[in-house]
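Work through these exercises with the sequence and the structure in view. Try each task before you read its solution.

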Amino acid sequence: MNALNEMEVINKKRSERYKKPAKRILIVIGIIFIMVLLFTGLGYYQATHFNSSIKINSIKVGGLTTNQVINKLKTTELKNRVYIGNQQILDGKPTKMAFTEKDLSEVKKLLKSQWTFFPSFKEKNYSLVPKKADQFRSVAMKKQVEEKLLEMNKSLKAPQDADAKLEQGEIVISDSKDGKQYDVDGILEEYKKQKYTSDIHLKPLLLKPIKKDSPIIKEKEQILEELLKQTVDYKVQKKVHPLKASELIKNASVSNDKKITITASDIKKKIHAINRTQATLDKNFTFKTHSGKNISVKAEGYGWAINAEKEAERIQKAFEKGDKAISASNIYGKGWSNEGIGYETTANHGIGNTYAEVSIAKQHIWIYKNGKLVVSTDVVTGKHSTGEDTSPGIWYILYKRTPYTLKGTAVGKGEYAVDVKYWAPFTNSGQGFHDASWRKNWSKKAYLNDGSGGCVNTPPNIMKAVYDNLSTYDPVVIY
């Protein structure tokens with residue numbers, strides 16, 4: 001082999017030695033380029049598609065773009081079934097989800113939050129609420145759930161709270177008992193917190209009874225203890241009667257808003273006892289006559305008593321509100337309008353020092369004002385022989401009229417109508433003081449066979465003084 005050929009061989013080998021590394025470099029560059037393309041494509045895919053095991057509101061969205069997701073959400077049907085625990089209580093009408101294009105931005109945020117460079121198979125279930133309120137779910141269906149729960153509760157046993165009560169004068173704390181009724185308010189609160197899914201599963205929350213060791217029961221017990229310590233000063237006329245709750249109140253309860261309700265008491269009995277010792281209605285008065293003699297005269301139109309029923313209610317409310325004192329107000333009697341006459345009077349055994357005194361036996365009247373005699377005159381009272389006697393008893397002046405026409409009937413005379421200058425009646429039946437210009441017989445015994453129809457005939461020349469010294473409500477004592 002000549003030198004020329006040897007050089008060609010050497011150059012050829014050298015050329016082949018340099019070609020092999022270059023080829024490798026090209027292969028590596030090609031592989032890198034392909035990998036860059038793959039990773040770029042993968043990154044783009046991952047950035048625009050949800051991972052395979054992702055759900056939104058329990059709806060599979062794996063592999064979908066945000067636009068595909070929003071379209072799927074818009075067209076997904078909600079079955080609107082409601083379960084309490086494992087029990088289905090409502091099978092609502094199916095509706096479409098309320099998602100719109102306005103929710104796309106939120107879907108994009110979820111896409112970013114779940115992004116991983118490499119595909120992930122980790123399961124995630126995101127919760128998303130549409131910007132447009134689902135009126136059926138939030139209003140109509142919620143109302144249906146409430147109505148259903150209330151209807152179910154009607155047939156379920158209610159829980160029984162512990163309670164503190166006053167029973168027969170003793171504070172008693174009762175135990176609580178569990179029930180089966182649902183806590184409607186609590187379940188509706190859970191309903192509002194539910195995720196926006198096809199079915200709604202709610203916890204079977206039950207109404208809890210108030211326990212006997214709760215602060216509520218302790219406070220009720222304290223309120224009842226304070227009630228039993230309470231005294232209401234009950235004023236009747238000028239006398240004050242201390243009414244003790246511990247003696248009068250038998251049964252009471254306290255509401256959860258701390259209001260006391262008395263359900264049984266001896267308050268009415270106490271009022272009856274006060275009436276027996278202090279009231280004057282239908283009772284006999286001790287009356288000191290013009291001569292100084294004490295006699296007993298029964299109250300007729302005059303007199304008062306306490307309405308025990310109404311006053312017991314007032315006193316009960318005073319105890320319930322914590323009032324310390326109360327004055328009697330429901331006073332009744334045989335007055336013109338059933339009013340009790342003489343309640344404000346305590347002097348002179350309840351008659352006072354201003355009154356008219358009529359003696360049938362003496363056929364005479366005495367009128368006292370503030371304890372002083374101001375008028376004294378003979379009179380003629382009702383006709384005894386025909387039973388038209390002026391009625392004995394304690395009455396009062398109903399009203400005064402001047403002049404006046406008297407109308408009525410008289411035994412043996414039929415109906416009559418006569419004019420008088422002064423008229424001051426004291427009985428509801430029509431007896432009263434008046435002048436009698438027609439009368440001729442003014443003797444002391446005239447009343448036996450020639451008396452009036454029941455009135456007190458007064459001489460015309462003195463009747464004005466009688467009239468002027470009598471006032472409405474003044475007692476008239478006839479004996």
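**Exercise 1.** At what angle do helix H4 and helix H5 pack, and how far apart are their axes? Classify the pair.

*Solution.* The model is predicted. Start with the geometry. H4 covers residues 135-153 and H5 covers residues 184-193. They pack at about 155°, with axes 10 Å apart. Angles over 145 degrees count as roughly antiparallel. H4 and H5 are therefore roughly antiparallel to each other. Their crossing is right-handed.

Next, the contact. H5 supplies Val184, Ile187, Leu188, Tyr191 and Lys192. The H4 residues they meet include Met141, Val145, Leu149 and Leu150. By class, this contact has 8 nonpolar, 1 polar and 4 charged residues.

**Exercise 2.** At what angle do the axes of helix H2 and helix H3 cross? Classify this pair too.

*Solution.* H2 spans residues 66-75, and H3 spans residues 104-113. Their axes cross at roughly 125° and come within 9 Å. That angle makes H2 oblique to H3. The crossing is right-handed. On the H2 side, Thr66, Asn67, Val69, Ile70 and Leu73 make the contact. H3 brings Leu104, Val107, Lys108 and Leu111. The contact residues divide into 6 nonpolar, 2 polar and 1 charged.

**Exercise 3.** Which residues have the most contacts inside the largest nonpolar core?

*Solution.* This core has 36 residues. Tyr234, Val236, Ile249, Ile306, Ile315 and Phe319 have the most contacts inside it. Helix H9, residues 308-321, gives the most to this core, with 5 residues. Apart from this core lies another, of 23 residues, among them Ile365, Ile367, Met463 and Val476.

Technical notes: Residues are numbered from 1 along each chain as its sequence is written. This is a predicted model: local features need pLDDT of at least 70, side-chain atom pairs count only at pLDDT 80 or more; totals for chains, interfaces and linings use all residues. Side-chain values use heavy atoms; hydrogens and water are left out. A nonpolar core is a set of buried Ala, Val, Leu, Ile, Met, Phe, Trp, Tyr and Cys residues joined through side-chain atoms within 4.5 Å. Buried means under 20% relative accessible area, exposed over 50%, partly exposed in between (1.4 Å probe, protein chains only). Helices (H or I, at least four residues) and strands (E, at least two) are DSSP runs, numbered from the N terminus. Axes are lines fitted to C-alpha atoms, for helices over the stretch in contact, and angles run from 0 to 180 degrees between N-to-C directions. Angles under 35 degrees count as roughly parallel, over 145 as roughly antiparallel, 65 to 115 as roughly perpendicular and the rest as oblique. A crossing is left-handed if the near helix is turned anticlockwise from the far one by less than a right angle, and right-handed if clockwise. Contact means heavy atoms within 4.5 Å. Ala, Val, Leu, Ile, Met, Phe, Trp, Tyr, Cys and Pro count as nonpolar, Asp, Glu, Lys and Arg as charged, and the others, Gly among them, as polar.
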